[in-house]
Amino acid sequence: MKPELINPLTLAYLGDAVFEVYVREYLIVEKNILKPDALAKESVNYVSARAHASFMHAALENNWLTEDEVAIYKRGRNAKPKHQNKNVNVLDHNQSSGFECLIGHLYLLGQHERIDEIFEYFKEFVGETK
């Protein structure tokens with residue numbers, strides 16, 4: 001399957017799910033958060049549109065992504081959804097979609113090590129912004 005032929009919002013849909021698994025595993029296994037209510041509260045720091053948008057700003061500023069990854073991010077960011085979430089800033093939503101598109105793209109290519117690297121940057125970023 002060629003991710004470049006898939007609708008970027010479909011890649012974002014997949015990337016959202018993949019990233020959610022990374023976050024849940026991290027919170028449970030590494031941070032040892034075991035209570036569902038605490039997991040839900042903590043996960044917001046990792047899976048919200050605002051968190052993704054803020055991370056992407058830092059990732060671009062710090063050159064954490066390759067040129068190809070930036071192009072994939074922009075493809076997802078620039079895709080226009082049919083419906084907009086009323087509770088999320090449009091800019092944050094679009095940047096979050098770009099981030100999720102990148103994760104979905106990498107996942108379909110089997111580049112799990114690269115997703116691991118990006119997640120490490122993400123964890124450091126979230127730790128710095130708390």
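Select E117 to begin. In this predicted model, E117 counts as partly exposed, because its relative accessibility is 41%. The side chains of E117 and R114 meet in a salt bridge, with 2.9 Å from N to O. Both residues belong to helix α6, and since they are three residues apart there, about one helical turn separates them. Is R114 buried or exposed? With a relative accessibility of 14%, R114 counts as buried.

Next, select E30, E120 and K123 together. Salt bridges that share partners join E30, E120 and K123 into one network. In total, the structure holds seven salt bridges.

The surroundings of the partners can be compared by their accessibility. K123 has a relative accessible area of 11% and is therefore buried, the limit being under 20%. E30, at 53% relative accessibility, counts as exposed, for which the limit is over 50%.

Along the sequence, F55 and K123 are 68 residues apart, while in space their C-alpha atoms are 9.7 Å apart. F55 lies in helix α3. Its relative accessibility is 0%, so F55 counts as buried.

Return now to helix α1 and display it with helix α2. Helix α1 covers residues 8-30 and helix α2 covers residues 36-47; their axes come within 10 Å and cross at roughly 130°.

Select K31 and E42 next. A salt bridge joins their side chains at 3.1 Å, N to O. K31 is in the loop between α1 and α2, whereas E42 is in helix α2; the pair, eleven residues apart, links distant parts of the chain. K31 is partly exposed, as its relative accessibility is 33%. E42, by contrast, has a relative accessible area of 14% and is buried.

Stay in this loop and select N32, which also lies between α1 and α2. What is the phi of N32? The value is positive, about 55°, although N32 is not a glycine. Most residues other than glycine have a negative phi. N32 counts as exposed, because its relative accessibility is 53%.

From there, move to N63. N63 is found in the loop between α3 (49-61) and α4 (67-78). Its phi is near 55°, a positive value in a residue other than glycine. With a relative accessible area of 64%, N63 is exposed.

Now select E100, whose place is in helix α5. At 11% relative accessibility, E100 counts as buried.

Y107 counts as partly exposed, since its relative accessibility is 36%. Which residues make a nonpolar surface patch with Y107? They are M1 and L108, and the patch made by M1, Y107 and L108 is about 330 Å² in area.

Key:
Residues numbered from 1 in each chain as written. Predicted model: local features only at pLDDT ≥ 70, side-chain atom pairs only at ≥ 80, totals over all residues. Heavy atoms only, no water. Patch = residues over 30% accessible without salt bridge, like charges linked within 9 Å, V, L, I, M, F, W, Y side chains within 5 Å. Areas by Shrake-Rupley, 256 points an atom, 1.4 Å probe, with all protein chains shown as cover. Salt bridge = Lys/Arg side-chain N within 4 Å of Asp/Glu carboxyl O. Buried < 20%, exposed > 50% of the residue type's maximum accessible area, 1.4 Å probe, protein only. Axes fitted to C-alpha atoms, helices over the stretch in contact; angles between N-to-C directions. Helix = DSSP H or I, 4+ residues; strand = E, 2+ residues; numbered from the N terminus.
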